[in-house]
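Q: I have the coordinates open and would like to learn how to read them feature by feature. Could we start with a single side chain and work outwards?

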Amino acid sequence: MTIYIVLPLIGALIGWCTNWLAVKMIFRPRVERSFLGIRVQGLLPKRRGALAENVAGTVERNFISVEDIQQVVTGMVKGEKVRALLHERIDALIAEQMQRFGTMVKMFISDDLIAQLKTKIEDEVLTFVEGMSGEIQNGIAEHLDIHELVKSRIESFDMQRLEDIVFKIAAKELRHIEVLGGVLGFVVGLVEAIAIKVLGL
């Protein structure tokens, strides 16, 4: 009867320890170490370069690209919000200047002339800004490398911090993996015990 207890418990212990070690080896050891002639290093520290390259490529292809940012800039420049802010600012500046000129000057400048002046200034400024958006887009394309930026951020990311984040987010799931190893080990041990009894070993 003892065999039906001992073997499942040993199997459970081995299964739990194996999965616990597998989870830990995602991050550790952070530097390559030699153990019984075998060189060992954690999965993420060892594959950080390849991971950074793959994630950077995925982000650039599927999430955000230089072209996306260029479109955002163009939309901002040509958007109603920019036009409204510009209109408000020009109104304030002209009102301020008219206040300085005094009543005499106001008598000779009609409201229609002021309105035409505002429209002309707005059109000129917006034309200039929209023209500059092309220069801004070229500057973004020249100086912003999404792929390299994401890659360098991942490569420089602190492994301890990454480990803490992963374990904080997936602590329950990782614990389930360890427990599952114990359960499977228990089942394997029980099957072994039955097999030994049946075969009379």
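Q: Is Lys151 buried or exposed?
A: Lys151 is buried, at a relative accessible area of 18%. Here buried means under 20% relative accessible area, exposed over 50%, and partly exposed in between, with a 1.4 Å probe and protein chains only. Keep in mind that this is a predicted model: local features need pLDDT of at least 70 and side-chain atom pairs count only at pLDDT 80 or more, while totals for chains, interfaces and linings use all residues. Residues are numbered from 1 along each chain as its sequence is written, and side-chain values use heavy atoms, leaving out hydrogens and water.

Q: Which residue forms a salt bridge with Lys151?
A: A salt bridge is a side-chain nitrogen of Lys or Arg within 4 Å of a carboxyl oxygen of Asp or Glu. For Lys151 the partner is Glu53, with the closest N and O atoms 3.1 Å apart. Glu53 sits in helix α3 (residues 48-63) and Lys151 in helix α8 (residues 146-156), so the pair ties together parts that are 98 residues apart in sequence. Glu53 is partly exposed at 32% relative accessibility. As for the element names, helices (H or I, at least four residues) and strands (E, at least two) are DSSP runs, numbered from the N terminus.

Q: At what angle do α3 and α8 pack?
A: Axes are lines fitted to C-alpha atoms, for helices over the stretch in contact, and angles run from 0 to 180 degrees between N-to-C directions. In this case the angle is about 145 degrees, and the axes lie 8 Å apart. Residues making the contact (heavy atoms within 4.5 Å) include Ala52, Glu53 and Val59 of α3 and Val150, Lys151 and Ile154 of α8.

Q: How many salt bridges does the structure hold?
A: There are five. One of them joins Glu163 to Arg30, where the closest N and O atoms are 2.6 Å apart. Glu163 belongs to helix α9 (residues 159-199) and Arg30 to the loop between α1 (3-24) and β1 (33-35), so this pair ties together parts that are 133 residues apart in sequence. Glu163 is buried, with a relative accessible area of 5%, whereas Arg30 is partly exposed at 28%. A network of salt bridges links Arg28, Arg30 and Glu163. Glu32 and Arg39 form another bridge, with their closest N and O atoms 2.6 Å apart; Glu32 is partly exposed at 39% and Arg39 is exposed at 56%.

Q: Which residues does the cis peptide bond join?
A: In general, most peptide bonds are trans. Here a cis bond joins Arg28 and Pro29, with omega about -5 degrees. Pro29 is found in the loop between α1 and β1.

Q: Where is Leu144 found?
A: Leu144 is in the loop between α7 and α8, and is partly exposed at 27% relative accessibility. Leaving aside neighbours within four places in sequence, Leu144 is in contact with Val66, Ile69, Gly139 and Leu149. The C-alpha atoms of Leu144 and Ile64 are separated by 12 Å, and the two residues are 80 residues apart along the chain.
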